[in-house]
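Q: Before we look at any particular case, could you walk me through how to read the aromatic pairs, the sheets and the nonpolar cores of a model such as this one?

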Amino acid sequence: MAKKEALRELQSRLAERLQAARTQQRGSSWLAVEVAGRGLLFPLREAGEIFALAPLVPVPHTHRWFMGVANLRGHLHGVVDLAGFLGVKTSEGVPPQAQLVGFNQTLDLNCALLVDRLAGLRGEDQLTREPDDGAARPAFVGARYRDASGRLWQELSLAALAGDEAFLKIVG
């Protein structure tokens, strides 16, 4: 009898939590990465799978930031050195903790971004939005945030990046 009551109580709590999740407005959340010493935030709903660095096949006549193609879980993905694309590359080497971050499947782009390091997940409650300085930025560069330790983070919209003409034109 006690098991049935415990099960009903659990089901009731789950139903309440599901209803609350449907009615609550969700805050923003990001995948935090580091690229050339800079902190970047990818909207979690736009980021896809995270991959270990895989063997790359170079593609001739492409920009230097287009590293080539890689077989990631049975699918070919173009691999972009994000630091190189953004023009902030500090060295030629790939850090040992480098990872590839894919685009969400809904963005319909078989591409992965090389990042120096994953820095975890960040939520709206962990960051404070910085005032806009009015500087001209590409459409894929979003708001700037500061965390509790004072570190600056720049939001990068992967959806806008996936539609950026310069990003899509890999031929050099």
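A: Let us start with the rings: those of Phe, Tyr and Trp, the last through its six-membered ring, pair if their centres lie within 6.5 Å, and planes under 30 degrees apart count as stacked, over 60 as edge-to-face and the rest as tilted. What you see here is a predicted model, and a search of the whole structure finds six aromatic pairs.

Q: What is the geometry of the pair formed by Trp65 and Phe85?
A: In general, a pair of aromatic rings is described by the distance of the centres and the angle of the planes. For Trp65 and Phe85 the values are 4.9 Å centre to centre and 75° between the planes, which is an edge-to-face arrangement. This pair links distant parts of the chain, with Trp65 in the loop between β3 (47–52) and β4 (66–72) and Phe85 in helix α2, 20 residues apart. Both Trp65 and Phe85 are buried.

Q: Why is the pair of Phe85 and Phe140 called tilted?
A: The ring centres of Phe85 and Phe140 are 5.9 Å apart and their planes stand at 40°, so the pair falls into the tilted class. Here too distant parts of the chain are linked, since Phe140 sits in the loop between β9 and β10 (141–147), 55 residues from Phe85 in helix α2. Phe85 has 15% relative accessibility and therefore counts as buried, as does Phe140 at 5%, the cut-off being under 20%. Ring pairs join Phe85 and Phe140 with Trp65, Phe103 and Phe167 into a cluster.

Q: Which residues touch the most other members of the largest nonpolar core?
A: The general idea is that, in soluble globular proteins, nonpolar side chains tend to be buried together. In this model the largest nonpolar core has 27 residues, and Phe42, Phe103, Leu113 and Phe167 touch the most other members. Two or more residues of this core come from each of β1 (29–35), β2 (38–43), α2 (82–86), β6 (99–103), β7 (111–115) and α3 (158–162). Another core, of nine residues, lies apart from it and includes Phe51, Ala54, Ala70 and Ala98.

Q: Which residues does Phe167 touch, not counting residues up to four places away in sequence?
A: With that exclusion, Phe167 touches Trp65, Val80, Phe85, Phe103, Leu109, Cys111, Leu113 and Leu161.

Q: What is the strand order of the open sheet of six strands?
A: The order is β8-β1-β2-β11-β10-β9, and the pairing is mixed. Because β8 (117–123) and β9 (127–129) stand at the edges with a single partner strand each, one side of each is left without a neighbour in the sheet. Neighbouring strands of this sheet are turned by 35° against each other on average, direction ignored. Within the sheet, β1 and β8 pair in the antiparallel sense over six bridges, and the bridge partner of Ser29 in β8 is Gly123.

Q: How many helices and strands does the protein have?
A: The secondary structure comes to four helices and 11 strands, and 37% of the 172 residues are buried.

Key. Residues numbered from 1 in each chain as written. Predicted model: local features only at pLDDT ≥ 70, side-chain atom pairs only at ≥ 80, totals over all residues. Heavy atoms only, no water. Core = buried A, V, L, I, M, F, W, Y, C linked by side-chain atoms within 4.5 Å. Buried < 20%, exposed > 50% of the residue type's maximum accessible area, 1.4 Å probe, protein only. Contact = heavy atoms within 4.5 Å. Pairing = 2+ DSSP bridges. Axes fitted to C-alpha atoms, helices over the stretch in contact; angles between N-to-C directions.
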